[in-house]
Amino acid sequence: MNIQVILFSVFAIGAVASAIATISSRNPVASAMSLVAHFFMLAGLYLTLEAQFVAAVQVLVYAGAIMVLVVFVILLLNLGKEQQLAERGSVIRLTLGSFTAGLFALVIILALVASPTGLNHLAMNAVDIGTTEAIGQSLFTQYLFPFESVSLLLLAALIGAVILAKRSMKEGA
Amino acid sequence: MMTSIPLDYYLILSAFLFVTGIIGVITRRNAIIIFMSIELMLNAVNLSMVAFSAFFGDIAGQMFVFFIMAVAAAEAAVGLAIVLALFRRKKSVYVDEVNIMKW
Amino acid sequence: MNFDILGSLPLIVIWLALGVVGIIIQAFVRSDSTRLVYGYYIGTLVTTGLLAAATISNQGTAFGGMVTLGGWAAVFDLLFCGAGVMAMLAAQAYLGRFNSELDEFYTMLVSSVAGMMLMAHARNLVVLFVGIELMSISFYIMAGFFRSRDKSLESAMKYFLLGAFATGFLVYGMALLYGATGTLDYSVMLKVIAAGTARFPVLLALGAVLLTIGLSFKIAAFPFHQWAPDVYEGAPTVVTAFMSTAGKAAAFSAFLAVFGVIMPMVKVASMTPTLQLVLAVISAATMLIGNITAVAQTNVKRMLAYSSVAHAGYMLMGIVAGTTFGQSAVVYYAFAYTFMQLGAFIIVGLLEREDETSLMISDYSGLYRKHGVFAAMMAVFMFSLAGIPPFAGFFGKYMLFYAAIESGFTWLTIVAVASSVISVWFYLGLIVKMYFSEPNPETHEANAGLAGISLAVCTVAVILLGIMPRIITGMLGN
């Protein structure tokens, strides 16, 4: 058996399992930890796609920054286990919702099975475009404008987070 | 060495993960877990993007992934701040308990 | 690389003003500098708007094909900046009354305007995505700005969760479009789609559907409209005024550009339930649901929220038509709608009490006795929203209906006329309440202050646009 197939299977099964664990766990911390595992699995999948830099950033940004924030908030709020997983709406609504979502997945998957993309091999230059060098070059030339715009986005988020989470209104604002 | 996994496998995996995220959003009541489910959806998209990018040999898809990550980080900051502010007043993060207006 | 410095000025100016100068001012000036920051940001918006107006004829692309310059994008800039200034004028007194006037509110407002401008200027899905998120994140924060109020926070939470959920669909759609066409650039994508050489037609169709879902959420179209009334009701009234008008116009500017790109696939790929038909059904359902539900409302803010849902339905007609005329009809209606809805919400904000009462329709009874001017202005806005001549709303609807009939969607126009008739019921109901009911003894004193300028502008614009519609349609000189 090909090593690539083994790697893909391991990461894919791991990703699916950890995703299901994330949405089904009663304990929010366990959920968050499953999500961290999920991010690592995805990083592995990115490596099978020769996207080294994305894989590294995936671990740094998602697992290292976003999830730290999430876990921090969970601990800060001291959330216990949920007694009932789902109480929102009626049972009918939930089944209907999940059913629609499942149908949605079925449509996409069937569409792909019915008309396969026929691409079975990575592009010849896949190794080159995944490197830090190629990505940096692209980011600071062609994608300079959206890159600079994202800085506004992060600034807005920063100010907003402070404003919303600050304890009281007129206090040295 | 080129992988022999076809693009379709990545896309189907991505679609499956995306729907897992949707189901999480629909069924869970803890706002933080709903948020994490949304992260699952965004990551499924990232997987598709990187797969397309690698199979096409085109860097645009990987660039998009960075922007999605930046946006996810910004959303995390704002979203958790909102959860925090709401928790202070309502002592709950369950979306069915904080509602005055109907969902 | 050709770089049009003049044409890109509006984008550059707002970026610098927000990301560099604004930060420095807030960091180094004394903490009670609200007035300064306020004036500074109004100046920013005015400058950006003027620059946009000056560069309308300066069409082209910049930043490596990432953004388009001039043309409709600049016309939309004008709308966003104008609405931003009017919202800011109204916001000062409103926030002051609620004791939560902070510099950061104005920063958020201007950053949402920057996001809208990115959406209108985008010629690449990356820029569109960043723009949508910049606008949305600013809106989430503004919706939750009254942190001591449950409703405001709850509205922010709901808006955030559903907005982020919709973002998931939006980016998935973008990813599939990228997969189908191998590009993120609108013009290349258009070429691929129009030539029918998309690699994977199935992915193209799925991507288009998902993108439509994501954008439908942003304009609050059926069946993704449920968030709108709750969010609009709970958010501070000036924020509602701004996000239900400029925010919607921005989403439509994106809709126009994106559908200009993916519409050709209707003709190329032989898809029987075409995208156009699906959009037409969404449009019809949106206006019916919005108007019918609005009839049952007792809260003015909620009524206007549902009416805003209905108006998104009307505007979709122009996109369904897919013609150049339909496009200018959408732009015209975006202007008309912004003025009338913004004006109406500003009046609601003025009459609102500090304890969030005085928002019921019954509170407006006999309003003309105490606030004759407000009542008259409100009446103008209501007439215009109902589509009664000679106000702007009438002409906008006329254009949209005409565009739909022209492209063979007569049934859609019939639905639109029917739902307009329904809407007359509640719009005129409010007017009747204001003029023909016993005055409500509890109507409080309201002082317009700076908001008066916004109201005057809105009223004049609603009348002027109705009489001289060519002000907008002639902006591009055709």
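Tutor: Asn120(A) counts as partly exposed because 15 C-beta neighbours lie inside 10 Å of its own; the class covers residues between buried (20 or more other C-beta atoms within 10 Å) and exposed (12 or fewer), with C-beta atoms placed from the backbone. This is a predicted model, in which local features need pLDDT of at least 70 and side-chain atom pairs count only at pLDDT 80 or more, while totals for chains, interfaces and linings use all residues. Residues are numbered from 1 along each chain as its sequence is written, and chains are lettered from A and ligands numbered from 1 in the order in which they are written.

Asn120(A) sits in the loop of chain A that runs between α4 (91-114) and α5 (126-129), helices being DSSP runs of H or I of at least four residues, numbered from the N terminus. Leaving aside residues up to four places away in sequence, Asn120(A) touches Ser4(B) and Pro6(B), where contact means C-beta atoms, placed from the backbone, within 7 Å.

In chain B, helix α1 covers residues 7-27, and its end C-alpha atoms are 31 Å apart, which agrees with the 30 Å that its 21 residues should span at 1.5 Å times one less than the number of residues. Of those 21 residues, 17 are buried, so α1(B) is largely enclosed by the rest of the structure.

Chain B also meets chain C, with 34 residues of chain B in contact with 31 residues of chain C. On the side of chain C that touches chain B, α6(C) gives the most, with 16 residues.

Technical notes: Helix = DSSP H or I, 4+ residues; strand = E, 2+ residues; numbered from the N terminus. Contact = placed C-beta atoms within 7 Å.
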